[in-house]
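My entries follow the order in which I checked things.

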Amino acid sequence: MDKKIRNDFPTLDQMVNGCRLVYLDSAATTQKPLSVMKEIEDYYRSSNANPHRGAYSLSMQATQIYENTRTIIKEFIGAGKEKEIVFTKNTTEALNLIAYSYGMNFINKGDEIVISIAEHHSNLVPWQQVAKAKGAVLKYLYLDEEGLIAKEEIENKITAKTKLVSVTQVSNVLGTINPVKEIIEKAHSVGAIAIIDAAQSIPHQRVNVSELDADFIVFSGHKMLAPMGIGVLYGKEALLEKMPPFLFGGDMIEYVTEQDTTYAELPYKFEGGTQNVGGAAGLSAAVKYLQEFGMDKVQAIEKDLVCYAIDKLSEIPHIILYGTKDVEKKAGVLSFNVEDVHPHDVATILDSYGVAIRAGHHCAEPLMRYMKVNATCRASFYLYNTKEDIDILAEALADTRRWLGYGSK
Amino acid sequence: MDLSSLYSEIITEHNMSNHNKRHIEGADVLEKGHNPSCGDEIELELKLQGDLIEDAGYTGVGCAISQASTSIMIDLIRGKTLEEAKQLIEIFLGMIKREITDEQELEILEDALALRNIANMPSRVKCAVLAWHTLEETIKKRALEDKND
């Protein structure tokens, strides 16, 4: 079974430093299945042209591939209309689009923006900029000891002054699952809009934007088997309609005269310049792969793996695990440290065992400071990982301190 | 690369020993160094007597490579002039960039030779050079101040 899944991912089938590659950094980017690579190749081999422009067959093919991906994404996330799906470069660009186009125009002096302390810099720095430029106040939802956002925190921080709430559904550092439904409901009850960073959730669990009733949801293709350079912004039509364009240029216009321009309709208003059709082709194949695999199965595999990893790592002396150990509240992301060994040294040592993990602040410096750590090691899992991967991780981790002269093996 | 040549005894001992990890009483110079990509942070403290580095120490956090490299550098520059320190920095950075490979020329680096193989690990080069760049910055600033005086 596992072997069969791994056959779809040729990147995993290689030796690193004389050992089998154990890839545990899918929260950063996932490996790509053959079907995605083939779809991209097919596009460039037989359908490549500039979409939306040419009146010739090839351009129409490219347009069809691009627009078909929009429909596939709409259905995958349970959105109502194609015009509510805007393609971006990635989550970061999608969040910047909202910050510039919505934040800079509809947030005013004294308004409050609420985010969580666990946000990735991409969902933090843009809001800092909006708050500074508009004289708004940036407030944080803090975490309890398990790394979770408590109900009281939501009740107390989101107030009548709150105009915008932007939180991640799953923390990229702790893997904790945030109560986004409650957060969205609370935001709406005070008249604020709610943005969900789904970069770490949509690849791993079933997410339905209509059920959640989020105003915006953003995610990246490359964290869900698709290539880098294609991301998605879902936004409610009424909001997208009233927002000015983010990038001006070709393909996003209706009429251009010497002094004035009218803009194209949704979603093209937000897609200035030639778009990443090859990326869209890859994204459609990625969604197809996930749908055929089954999102419930993806989630079940990851839960099984994170459960196993928590048990395994807890057995090793000198390992500190961060965040909740309750796998019902946690996705397939595990942050930890090895006592006395800096995460970068841990990552280098694990690399010599063929194990790829992330080390550092994970683009979440305020969270690191809040947790009173300088950095952590992070192992993250996806549908192609196995218990054997975790066994190899655990074995290598048990050796780590010895390399730096602490104790004996 | 081979882990044991990266985490050699010299590196692990400097990383663990902490003998240079201290504040310098009456320090004349404080200089902060930071690697934003990995979060390594050091603060270098120098006590000068004219152009002579009478004592030096550092505080901060970072990986074994950055900590050991800082400690090795401090052992090397203590008792040297700023001009001599500048030369050592040039030779060290030359070694890391593989621009200087002559054994005799490198000999002067003593324990810092243990960091030679870091050139094989592009992801860790920044850790090894952090302290040296920080000291280079200090010396540059000092030269500029002297000029302006």
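I am working with a predicted model, where local features need pLDDT of at least 70, side-chain atom pairs count only at pLDDT 80 or more, and totals for chains, interfaces and linings use all residues. Residues are numbered from 1 along each chain as its sequence is written, and chains are lettered from A in the order in which they are written.

**Chain contact.** I found 13 residues from chain A and 13 residues from chain B in the contact (C-beta atoms, placed from the backbone, within 7 Å). Helix α12 (residues 343-351) of chain A gives the largest share of chain A's side, four residues (helices are DSSP runs of H or I, at least four residues; strands are E, at least two; both are numbered from the N terminus).

**Domains.** Chain A splits into domain 1 (2-24 + 294-403) and domain 2 (36-291); the bounds come from an automatic or database domain assignment. I read 28 Å between their centres, taken over C-alpha atoms. In chain A, 23 residues of domain 1 touch 21 residues of domain 2. On the domain 1 side, α11(A) gives the most, with five residues.

**Backbone.** L266(A) and P267(A) are joined by a cis peptide bond, omega about -5°. P267(A) sits in the loop between β12 (261-263) and α10 (277-293) of chain A. D251(A), not a glycine, has a positive phi of about 75°. N18(B), also not a glycine, has a positive phi of about 60°. I placed N18(B) in the loop between α2 (9-17) and β1 (29-35) of chain B.

Technical notes: Two residues are in contact if their C-beta atoms, placed from the backbone, lie within 7 Å.
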